[in-house]
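Subject: Structure handover

Hello,

Here is the structure I promised to pass on. Please open it beside this email and follow along.

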Amino acid sequence: MDAIATSAEEQSVALNEFRYSIPTTTSPDLVFNGRSVFDLASAHLFTDVSTLANEEAIMNAHTHDGSPHLDPTTVQDALQQFLSTRGEPLQGEQCRTAEAVLASGRRLDAVVGPAGTGKTTTMSAVKALWEAQFGAGTVVGLAPAAASADVLGRELGLDTDNVSKWLYESTGPGASIRAGKYAEAAERYQAACQSPRVNNEARKALERLAQRMSTLTAAQAQWQFRPNQLVIIDEASMVSTYQLAALLDQATGAGAKILLVGDPAQLDSIDAGGVLGWLDRTGCAQRLSTVWRFTNAWERTASLKLRTGDIDVITEYTAHERISSGTYDAMVDDAYNRWDADIRTGKSSILIAPDNDTVAMLNERAQADRVGSGAVDAETTLDLSDGLHAGCGDTILARRNDRHLLDDTGDFIRNGTLITISGSPNPDGSIEGIRDDNGARILLSASYLTESVELGYATTAHRSQGITVDTGHTLVSEGRLTRELFYVSMTRGKAGNHAYISEPDPRDHHGVAPSSLPDWRQILGAILSIEGAEHTAHEVREEQRNQANSLSRLLAEHDYLAQIAASDDVTHLINTHSPDLVAAMQASPSWGAMVAAWRRTATTNRTLAEQTLVGSLEPTAVVRDVASVVHSRLQALQQRLPATSSLMFAPVSVPTAREDLRKLLTDVQQRITQRLSAVAIYAFANEEPWMNQLRAQTGLQANDEAWKSLVREVAGFRDRWDIDNPALPLGTPPSATDWDHSGQRARLEVLITAAKGSISTSTSSTGSPEPTPLPHSPSPVVGPSL
């Protein structure tokens, strides 16, 4: 196993490096598996060369200016006259997005839009204008799944297929098989031409071989891009980086253009991906932001907050009675009953469950109700792949593409197609049904039914993407959904989307205090905080570089080393005055807290701290835990000592007799000093947005020394606590139990107030007007990489 891991590592590219050199010491508190304890091998991330190369190729294509495009003036006029299939014109941002794509000479463009922003409408305009310029059939549609490709084709009126099929046929095994057959036919043709016998039969054989080669050539041409084509890849976030790079390579060779469309806040590729999100996060994608899908205006804005994981959105959904909570059984009942009521009143509705077991249970329940009402025949049924049975009147779901199973329009069955069984089973086990998507009749074989068909009343969040209905009903269980899955589930219904959150039942958690179990708000908050969107290898590498020497990480490492030094220090003192107490005190549960208290008080006033420690070591009959007593007295002393004015970002010299510990402490302290300087330089060089708010609060000018000092402190504070809120200099207030964060924030607030007060005093004494905040103008990102 080690040999396999070593071989894989040698063939990979590291995304993060070991930050510290190989230790010369063997102390177990500083070394683990031959490396620094701060460089765990399990935290080492890898990718492969091809992934990085593919990502670079895609990003470079966005900057390549030489692909087919339309004249900007012509585009503007045509878009103003364009009407959708519903007879509606494009809205403002839809028009701007279509214009940017059509007039762009880039080899690759991207359009990103949340659910319901009109991506399809925008693409219909792009398709119409492109074909008007370059001719019919010059727009090709691809999607990650056959069902979504079919939807794209029907909505835009173009030829589509799924990405895997295209790559299989264009450059994969399908192309290889055709190439082999062509080579065989060509060899036979060449041999026949050289044969001295040229009779009628030989001529016919030559004609057949020539015809076969021509057929194979034509078949291959169907899977090749052509010059001036526009290749629209829908739901592009679900297409892997490798697949996108392969399609881009084909398009580049043919002189075609690639357009990625989708939403990185929805579902991701199962393989390495994240490219669409990368383009969006770097400002390389056109954005649609106005939601049109939902009937209620409040839900349009609420869905955008849901997309970004804004916890406050829970209040909005609660106020509009969109969230129910209770036990699992109660929520299953509630979701099913409301979905069933919608269906019976003629609405289109979707019932989404968090796992396959719940889907199967809901399917059985829906079937049983329909059997009871006479809508489904339970007498003559067939076995399905999910272990259930289906009869005439049942709704079933196809789970596999099969290009040999054709409906009466010649279209094949796709994974995700819903079918209503329209007749009794045939003697051979086949059954006839009507497709819900196009109304065509189709005959499903017995083998397909038993291998690839399930009941289709309920579904999972993964399968729901791309579906639009009147109402949506989503069951939520703890730990089952990410933010992206929940967002997809809660944006399917136009008129309403409801969540049913199952809370843990205390009766199922014996020995656990009911108060410690999460309630529905905590469950939903956890879901919204779990971002499942994948990032590219380039982004991960940059994130790792930024995190490698962040103050939050370096100060934690310094704290660990300082705690070791303090433990050695206090052990030496105890051993000097009361050696018999050392073993018992180190075994005490209060030992760690006592060492931390000693470190804080000794840093402030070592003399008083030592006096308190020694005085607490005197044996008494009532004291059983001496370490606890010392901890309590040191804490009391710390409260009496004056608070330090420093925010404690700068490294503090920590005395230690250990050479290995001293070297590592010095290394970490130097890194902290360098980081403090780097974050300050970065803030000043880029005029970060939070600085505008800070300037407005204080009134300080950019050339004031007080301003420079304050920015350095705030920049260090933000890096220390991983604050990324661009609008709030100090971020959101921490929890009441986060004492270090709260204390440092409070001291900074004092500094900000003092700076404002100094300006007020200066203004009143000089009579000059109060300075106004400088307007913010975006600056290029310069300075050190953080």
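**What was found**

Of the 786 residues in the protein chain, 46% are buried (under 20% relative accessible area, with exposed meaning over 50% and partly exposed in between; 1.4 Å probe, protein chains only). This is a predicted model, where local features need pLDDT of at least 70 and side-chain atom pairs count only at pLDDT 80 or more, while totals for chains, interfaces and linings use all residues. Residues are numbered from 1 along each chain as its sequence is written, and side-chain values use heavy atoms, with hydrogens and water left out.

**The whole chain**

The protein chain has 29 helices and 24 strands. Both are DSSP runs numbered from the N terminus: helices are H or I with at least four residues, strands are E with at least two. Along the principal axes, the C-alpha atoms fill a box of roughly 115 × 70 × 65 Å. Now take contacts (heavy atoms within 4.5 Å) between residues at least 6 apart in sequence. Of these, 71% join residues at least 24 apart.

**The parallel sheet**

Strands of a sheet pair through backbone hydrogen bonds, either parallel or antiparallel. Two strands count as paired here if DSSP finds at least two bridges between them.

Look next at strand 5 (residues 108–112) and strand 9 (residues 257–262). They run parallel and are joined by 5 bridges. Val112 stands opposite Gly262 in strand 9.

A second open sheet to find has 5 strands in the order 20-19-18-15-21, with antiparallel pairing. Strand 20 (441–444) and strand 21 (453–455) stand at its edges. Each has a single partner strand, so one side of each lacks a neighbour in the sheet. The twist averages 40° from one strand to the next. Strand 15 (residues 395–398) is joined to strand 21 by 3 bridges. Leu397 has Glu454 in strand 21 as its bridge partner.

Gly423 lies in the loop between strand 18 (418–421) and strand 19 (431–435). Is Gly423 buried or exposed? Its relative accessibility is 19%, so Gly423 counts as buried. Gly423 and Cys392 are 31 residues apart along the chain, yet their C-alpha atoms are separated by 5.2 Å. Leaving out residues up to four places away in sequence, Gly423 touches Cys392, Ile431 and Glu432.

**A hairpin**

Strand 16 (residues 402–406) and strand 17 (residues 412–413) run antiparallel, joined by 2 bridges. Asp402 stands opposite Ile413 in strand 17. The hairpin has 5 residues between the strands, and Gly410 takes a positive phi near 90°.

**Two helix pairs**

The axes of helix 8 (residues 173–193) and helix 9 (residues 200–221) come within 9 Å and cross at roughly 155°. That makes helix 8 roughly antiparallel to helix 9 (over 145 degrees; under 35 is roughly parallel, 65 to 115 roughly perpendicular, the rest oblique). The crossing of helix 8 and helix 9 is left-handed (the near helix is turned anticlockwise from the far one by less than a right angle; clockwise is right-handed). Among the residues in the contact are Ala185 and Tyr189 of helix 8 and Leu209 and Met213 of helix 9. By class, this contact has 13 nonpolar, 2 polar and 4 charged residues. Ala, Val, Leu, Ile, Met, Phe, Trp, Tyr, Cys and Pro count as nonpolar, Asp, Glu, Lys and Arg as charged, and the others, Gly among them, as polar.

Helix 24 (residues 606–616) and helix 25 (residues 626–640) have axes that come within 9 Å and cross at roughly 150°. Helix 24 and helix 25 are therefore roughly antiparallel. Their crossing is right-handed.

Best wishes

Technical notes. Axes fitted to C-alpha atoms, helices over the stretch in contact; angles between N-to-C directions.
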